[in-house]
Amino acid sequence: MKDAFEAGLSELLGRTVEISVPVLLAGGASKEAWAVDAGGERLLVRRAAVTVMHHHTLTLAQEYAVIEAAFEAGVKVPRPYGYIADLAGREAFVMERLEGDTIGRRIVQKEELATARGRLPVQLAEELAKIHAIPAERLPFLPEARLERMVEELDEVDEPHPAIELGLWWLRENRPPERPAVVNHGDYRIGNVVVDPEGLVGVLDWEFAHLDDPVRDMAFSLVRAWRFGVPEKRLGGIGDVEPFVERYNELTGLDVQPDELDYWELAGNVAWAIGTLTQAQRHLSGRDRSVELAILGRLSAEVEHEICHLLERANA
Amino acid sequence: MSERPTAQELTEAILEFLGGEILPTLTDPRLRFRMLVAMNALGIVYRELAELPVEDDSELRELARRIRADDVPPDALRRVQASVEARLRIASPQFLERYH
């Protein structure tokens, strides 16, 4: 594997480089992440895994194009180095390996990150405003996401989940006035950002990028499952929503309202409830056998409980 | 309640994990032996669960179908909450206790 990496990275960087032994950080079911140092650069190589990708996500080449566009737009992302069509038999892309924490529980609870947590609401708003300003023409392959797609995904699972149905019904009935669609990150939350003691270092995991209402992207970081054990802090377990929304409105000139955030927070919970079921299906169908994926099917009940709670609040 | 993965499917996933990922890393012969015994025991549970009758989910299916068709029963939220709580008492009792 080292030889293949050395050849691929030398070609990419345009010079012969000596590399460290590549270390597999995460053997994600759809994508591998390799840490490798080459010619003095700290690199992260995302390489396709054996199995087919989840069909509602971007291809590796598309995800790379999104990271490039974000980088050009000044978003804090790892510096993109290039796409490799064949790295030891599979496609891959190469980016900078950022230093910091990505594990949600650590970001939410670690003592040394208290200062960072204070800054994150404003910093998250600033990066999101830049993401939403990426010209959509730059990424013509991005799909438009609609509520109907969530329904399709739920139908593919073919299990009765009336709590999710009730959430979808409420979302159909109470749709706020539509805002023009913008480039959405699609999975913008604690757990997908790199944080160091100074604050936000970079935004990762772009495979769910799509075109959508900007508030949908904002509200995904409010979903309770991403508060990592600190549910009273509505913004990802790290802080209050108000400074986040204020800064976002200031930068974009929009006037995002609390009831819109409530709406899209519920939508985020419905999407994640369906997400847990589709992840479990990857195991059950035999595509990616994994006890971690399997158990997600049972944890959908936690998300469904939150959906009921939000519906109760909305009807109160 | 028709929960997926079923108890049997979960048992199967654990067996695969133990046999495929943990067992090969065990070098202590005593631990290896005890792991094999534990996997045997889990195999018994797996086969015993296969004997259980499949639970009837027709009521949940009917409720889900009605909500999808915009024919939402007035007590839909209450019924849904009761069923979700019953599932949580099995899948994640701590989540339910700590929820506020």
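Eleven residue pairs are in polar contact across the interface of chain A and chain B, both residues being at pLDDT 80 or more; a polar contact is a pair of N or O atoms within 3.5 Å, where within protein one must be able to donate a hydrogen and the other to accept it, and residues adjacent in sequence count only if both atoms are side-chain atoms. This is a predicted model, in which local features need pLDDT of at least 70 and side-chain atom pairs pLDDT 80 or more, while totals for chains, interfaces and linings use all residues. Residues are numbered from 1 along each chain as its sequence is written, chains are lettered from A in the order in which they are written, and side-chain values use heavy atoms, with hydrogens and water left out.

**The interface**

- Chain A brings 36 residues to the contact and chain B brings 37 residues, contact meaning heavy atoms within 4.5 Å.
- About 3300 Å² is buried between the two chains, 61% of it on carbon and sulfur atoms; buried area is the accessible area (1.4 Å probe) that two parts lose on being put together, summed over both.
- P160(A), R298(A) and H305(A) supply 23% of the area that chain A buries against chain B, more than any other three residues.

**Salt bridges between the chains**

- The interface holds seven salt bridges, each a side-chain nitrogen of Lys or Arg within 4 Å of a carboxyl oxygen of Asp or Glu.
- One of them pairs E304(A) with R87(B), with the closest N and O atoms 2.7 Å apart.
- Another links R68(B) to D155(A) at 2.9 Å, N to O.
- R68(B) sits in helix 3 (residues 58–68) of chain B and D155(A) in helix 5 of chain A, so this pair joins two chains; helices here are DSSP runs (H or I, at least four residues), numbered from the N terminus.
- R68(B) is partly exposed at 27% relative accessibility, and D155(A) is partly exposed at 43% (buried is under 20% relative accessible area, exposed over 50%, partly exposed in between, with a 1.4 Å probe and protein chains only).

**A salt bridge inside chain A**

- E265(A) and R227(A) form a salt bridge, their closest N and O atoms being 3.1 Å apart.
- The pair links distant parts of the chain, 38 residues apart: E265(A) is in helix 9, and R227(A) is in the loop between helix 7 (214–219) and helix 8 (241–252).
- E265(A) is buried at 1% relative accessible area, and R227(A) is buried at 6%.
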